[in-house]
Amino acid sequence: AALKDLKTGLAEGFIKKETVSVLQKFVPQVLEHYPCWAVTSLSAGSRIPFIPGMFDLVMVDEASQSDIPSSIPLLFRAKRVGVVGDPFQLIHSTKLSTAKDTLLRQKSGLTKVENARFSYKESSLYDLVASRNGIEPIFLSETYRSADEIASYSNTTFYSGRLRIATNQDNLNIPDGMKRGIHWTDI
């Protein structure tokens, strides 16, 4: 019943205090049977109780595409956080103007230059974490996602040749009459 109340309450914008206390009481049992959950940051609110430190570890994958505010509810539910991302891949996109972003940070008391790292427009969760002193990002030097003829462009352009293309190219399904690589088809 508490989970049903939770779902209904989230949809209506409020949750009964009794529902939260029941969920907090039974969360250890739920996690014992379901220790690993996978959700998007935007769907977490309708799928996971808003209980502080509910999870021992929350992993945020593709964090270079995650804006900071959308990540806060995930971080609230975590005792520890792992952040995984690639600053050379897609970033989150927004229609928020630089002027509006600056105004919002000013209204929030984030006026110092060093607080620019909290910019919604310019910073992802990955950027925020990577900018912290004492945090040394780990570079994963192998890729398994593409043939060498395709990945070599990104490797040269963005990674200074540090990537090892580890794809087993014998397993690639290449259409008849085509070679591996990037092809342009004029339509």
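Where does Ser160 lie?

Mentor: Ser160 lies in the loop between helix 7 and strand 4. Some ground rules before we move on. This is a predicted model, in which local features need pLDDT of at least 70 and side-chain atom pairs count only at pLDDT 80 or more, while totals for chains, interfaces and linings use all residues. Residues are numbered from 1 along each chain as its sequence is written, and side-chain values use heavy atoms, with hydrogens and water left out. Helices (H or I, at least four residues) and strands (E, at least two) are DSSP runs, numbered from the N terminus.

Back to Ser160. At 65% relative accessibility, Ser160 counts as exposed. The cut-offs are these: buried is under 20% relative accessible area, exposed is over 50%, and partly exposed is in between, using a 1.4 Å probe and protein chains only. The backbone of Ser160 deserves a look too. Its phi is near 55°, a positive value in a residue other than glycine.

Now turn to Glu62. Phi of Glu62 is near 55°, again positive in a residue that is not glycine. Glu62 is found in the loop between strand 1 and helix 4. With a relative accessibility of 26%, Glu62 counts as partly exposed.

Ser64 also lies in the loop between strand 1 and helix 4 (68-76). Ser64 is buried, at a relative accessible area of 2%. What surrounds Ser64? Leaving aside neighbours within four places in sequence, Ser64 is in contact (heavy atoms within 4.5 Å) with Gly85, Asp86, Pro87, Leu90, Ile91, His92, Ser124 and Tyr126. The Ser64 side chain reaches the backbone oxygen of Asp86 at 3.0 Å.

Next, the rings. A search of the whole structure finds five aromatic pairs. Rings of Phe, Tyr and Trp (its six-membered ring) pair if their centres lie within 6.5 Å; planes under 30 degrees apart count as stacked, over 60 as edge-to-face and the rest as tilted. One of the pairs joins Phe50 and Phe76. It is stacked, with 4.3 Å centre to centre and 15° between the planes. Phe50 lies in the loop between helix 3 (44-47) and strand 1, and Phe76 in helix 4, so the pair ties together parts that are 26 residues apart in sequence. Phe50 is partly exposed, with a relative accessible area of 44%. Phe76 is partly exposed as well, at 34%.

Another pair brings us back towards your loop. The ring centres of Phe139 and Tyr159 are 6.1 Å apart and their planes stand at 45°, so this pair is tilted. The pair links distant parts of the chain: Phe139 is in the loop between helix 6 (125-130) and strand 3, Tyr159 is in helix 7 (residues 148-159), and they are 20 residues apart. At 34% relative accessibility, Phe139 counts as partly exposed. Tyr159 is buried, at 7%. Ring pairs link Phe88, Phe139 and Tyr159 into a cluster.

Charges come next. Side chains of opposite charge can pair when their charged atoms come close. The structure holds three salt bridges. Each is a side-chain nitrogen of Lys or Arg within 4 Å of a carboxyl oxygen of Asp or Glu.

Lys79 bridges to Asp56, with the closest N and O atoms 3.3 Å apart. The two come from distant parts of the chain: Lys79 sits in strand 2 (residues 78-83) and Asp56 in strand 1 (residues 55-60), 23 residues apart. Both Lys79 and Asp56 are exposed.

Arg105 pairs with Asp101, the closest N and O atoms being 3.5 Å apart. Both lie in helix 5 (residues 98-107), four residues apart, about one turn of the helix. Arg105 and Asp101 are both buried.

Glu142 forms a salt bridge with Arg164, with the closest N and O atoms at 2.8 Å. Glu142 lies in strand 3 (residues 142-143) and Arg164 in strand 4 (residues 164-165), so the pair ties together parts that are 22 residues apart in sequence. Glu142 is partly exposed at 36% relative accessibility. Arg164 is partly exposed too, with a relative accessible area of 45%.

Conventions:
A polar contact is a pair of N or O atoms within 3.5 Å; within protein, one must be able to donate a hydrogen and the other to accept it, and residues adjacent in sequence count only if both atoms are side-chain atoms.
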